[in-house]
Amino acid sequence: MLSVLDIFRIGIGPSSSHTVGPMRIARTFVKALAKAGKLERTARVHTQLQGSLALTGVGHGTLDATILGLMGFAPDRTCPDEAAAALAKMREEGRLSLAGKREVAFDPKADIELAGHIIPDLHPNGMTIRAEDASGGVLMERTYYSTGGGFVASEAQLKRKAKDDRINTGTFAPFDFTSAAELLASCKATGMTIAELVLANEDAFRPREQTLEGIDRVARAMDQCIERGLTQRGILPGGLKVERRAPDLWDKLSANPQSNEREQLFDWLNCYAMAVNEENAAGGRVVTAPTNGAAGIIPAVIRFYCVTAGEDPCRDSRRTFLLTAGAIGLLYKQRASISGAEMGCQGEVGVACSMAAGGLAALWGASPVQIASAAEIGMEHNLGLTCDPVGGLVQVPCIERNAIGAVKAVNAARLALHRTGAETLVSLDQVIETMRQTGLDMSNKYKETSQGGLAVNVIEC
């Protein structure tokens with residue numbers, strides 16, 4: 001059983017699978033090298049990025065993330081300014097310090113190989129790292145995979161059966177669930193809400209106060225990201241010349257906050273979602289929710305309905321929202337995938353929309369069955385959504401797609417609460433399985449490779 005704090009990770013942009021994951025992998029490799037007593041003998045480190053990591057790695061910041069990970073940077077503790085300074089120093093001197101302990105010569109062009117032609121069978125985000133001694137002898141070589149949302153796995157872990165993997169974690173949740181049906185059955189048997197049941201499960205991982213502190217920390221990071229995104233102007237990096245739009249929209253809304261225009265709800269949600277994803281595109285600090293590419297949807301809905309709309313702004317509301325949304329995210333992670341390289345954008349924006357719909361329904365007092373219905377509706381109308389970033393950058397269509405996803409999540413929650421109580425024709429488990437099958441059938445051109453869709457039909461200037 002995974003923890004909801006595994007679903008919500010604080011990191012840096014622009015991509016959880018292509019930036020956060022590779023940084024964690026490179027850092028893990030160097031730690032393993034040191035643990036084996038081979039760090040001091042290392043003279044060279046070579047990294048091969050495979051599949052999607054290579055095809056969109058430049059635009060997604062994968063190369064820089066790999067270098068930072070080798071130097072010992074951790075995504076949740078990285079200051080973007082410090083990271084930029086470390087990268088500039090490395091390029092100027094042609095050397096880097098592995099984990100801050102062992103200095104070696106390093107040339108990104110020679111030491112990071114972009115092997116886009118290699119599509120690993122286990123997962124399209126493959127990454128092989130090799131350490132060599134002064135004579136060129138291999139000290140250690142390992143293959144890892146960035147599986148989406150900042151999650152990483154070794155080759156052995158992905159080959160191991162899921163059942164065995166769960167047993168080996170040593171964490172036995174009191175209300176373990178691997179399907180929405182099991183989750184709803186536990187809620188019915190105990191009388192608990194989804195948020196209460198998930199919180200009880202989290203007690204198996206750590207003391208409750210630590211879990212609540214973690215949830216509150218995630219909520220603060222989401223708010224801080226919105227606040228920064230509402231004040232930063234200018235052109236986003238990468239060459240597409242995409243201009244930040246959230247600050248201007250924020251100024252208009254702030255000047256007339258009590259407008260009776262019905263459609264202004266869209267503007268508030270658009271503003272908050274774009275603020276987050278513009279920050280993400282700029283390499284700022286964001287929360288994977290459940291990925292960086294979809295990081296704006298949940299914060300936007302929380303911000304509007306817990307603050308802007310005058311709902312109860314206390315931390316309990318946000319806790320309920322995030323615990324409920326986290327439970328839904330766990331289902332997608334365990335039963336399908338939250339990786340754009342595997343599922344297309346339905347596995348990112350689609351999952352975030354589903355999570356936000358369920359979280360908002362819970363905030364509005366929905367029953368567990370209604371929450372599952374909201375989550376199902378949120379995904380059902382994102383099925384087949386492709387991941388085709390122009391220029392390999394997490395900008396077009398990603399920023400606007402989060403705004404659309406936030407609006408869609410609210411509508412999904414409304415539709416679920418208006419149900420008369422009859423059984424839904426499509427269950428949450430069925431729509432998750434449909435998403436998984438759709439992702440498997442989807443052409444690789446539309447799964448974070450920038451080889452199809454908008455990525456080839458929009459001319460870069």
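Student: In which strand is R130 found?
Tutor: The model is predicted, with local features requiring pLDDT of at least 70, side-chain atom pairs counting only at pLDDT 80 or more, and totals for chains, interfaces and linings using all residues. Residues are numbered from 1 along each chain as its sequence is written, and side-chain values use heavy atoms, leaving out hydrogens and water. Helices (H or I, at least four residues) and strands (E, at least two) are DSSP runs numbered from the N terminus. The run that holds R130 spans residues 126-132 and is strand 6.

Student: With which side chain does the side chain of R130 make a polar contact?
Tutor: Leaving aside residues up to four places away in sequence, R130 touches F29, R44, V45, H46, V138, M140 and E141, a contact being heavy atoms within 4.5 Å. A polar contact is a pair of N or O atoms within 3.5 Å; within protein, one must be able to donate a hydrogen and the other to accept it, and residues adjacent in sequence count only if both atoms are side-chain atoms. At 2.8 Å, the partner of the R130 side chain is the side chain of E132.

Student: How far apart in space are R130 and D111?
Tutor: In sequence, R130 and D111 are 19 residues apart. From C-alpha to C-alpha, their separation in space is 9.9 Å.

Student: Which helix gives the largest share of the lining of the second largest pocket?
Tutor: On a 1 Å grid over the protein atoms alone, a pocket is an open set of points with protein on both sides within 12 Å along at least five of seven lines, a cavity is a set where a 1.4 Å probe fits but cannot get out, and lining residues have an atom within 4 Å of a point. The second largest pocket holds about 770 Å³ of space, and of its 35 lining residues G13, P14, A282, G283 and G284 are the closest to its centre. Helix 4 (62-70), helix 5 (80-93), helix 11 (208-229) and helix 13 (264-281) each supply at least two lining residues. The largest share, six residues, comes from helix 5.

Student: What is the volume of the largest cavity?
Tutor: Among its 19 lining residues, G293, E348, C387, V394 and C398 lie nearest the centre. Helix 2 (16-35) and helix 19 (398-417) each supply at least two residues of this lining, with the largest share, three residues, coming from helix 19. A volume is the space filled by probe spheres set on grid points joined across faces, edges and corners. For the largest cavity the volume is about 150 Å³.

Student: How much space lies in the second largest cavity?
Tutor: This cavity is lined by S52, I119, P124, A341, N444, K447 and T449. The space in the second largest cavity is about 50 Å³.
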